[in-house]
Amino acid sequence: MDTDDGRRTKRSVALFLLIVASLVAIAAVTLLVIDPSRTSMYFTLVGALVTIYLNARILKGDPTAR
């Protein structure tokens, strides 16, 4: 029986996505430093930063985070 209402699974997924988004953000910044004309990397970087922010809120335990 699951007594934590799926919180453990939610935190595990949030941690995994936080790590992956961090790696994507590092790669995007690296590619932007090498070649700033890659417009799509700016969108990738923004998406990674939003993902990092949302998953950090989940891991922090913010009750308004989904």
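Where does Thr30 lie? Thr30 sits in helix α1. Before I go on, a caution: this is a predicted model.

First, the overall picture. The protein chain has two helices and zero strands. Of its 66 residues, 18% are buried. The chain exposes about 5,100 Å², and carbon and sulfur atoms supply 67% of that area.

Now helix α1 itself. Helix α1 covers residues 7-34, which is 28 residues. From first C-alpha to last, α1 reaches 40 Å, close to the 40 Å expected at 1.5 Å a residue.

Which residues of α1 are buried? They are Ala14, Leu18, Ala21, Ala25, Ala28 and Leu32. As a general point, an α-helix has 3.6 residues a turn, so residues three or four places apart point the same way. What do the buried residues of α1 pack against? Their partner is α2, residues 39-60.

Back to Thr30, in α1.

Last, contacts across the whole chain. Counting contacts with a separation of 6 or more, 54% are between residues 24 or more positions apart.

That is what I have on this one.

Conventions: Residues are numbered from 1 along each chain as its sequence is written. This is a predicted model: local features need pLDDT of at least 70, side-chain atom pairs count only at pLDDT 80 or more; totals for chains, interfaces and linings use all residues. Side-chain values use heavy atoms; hydrogens and water are left out. Helices (H or I, at least four residues) and strands (E, at least two) are DSSP runs, numbered from the N terminus. The expected span of a helix is 1.5 Å times one less than its number of residues. Buried means under 20% relative accessible area, exposed over 50%, partly exposed in between (1.4 Å probe, protein chains only). Contact means heavy atoms within 4.5 Å. Accessible areas come from the Shrake-Rupley method with a 1.4 Å probe; for residues, only the protein chains shown count as cover.
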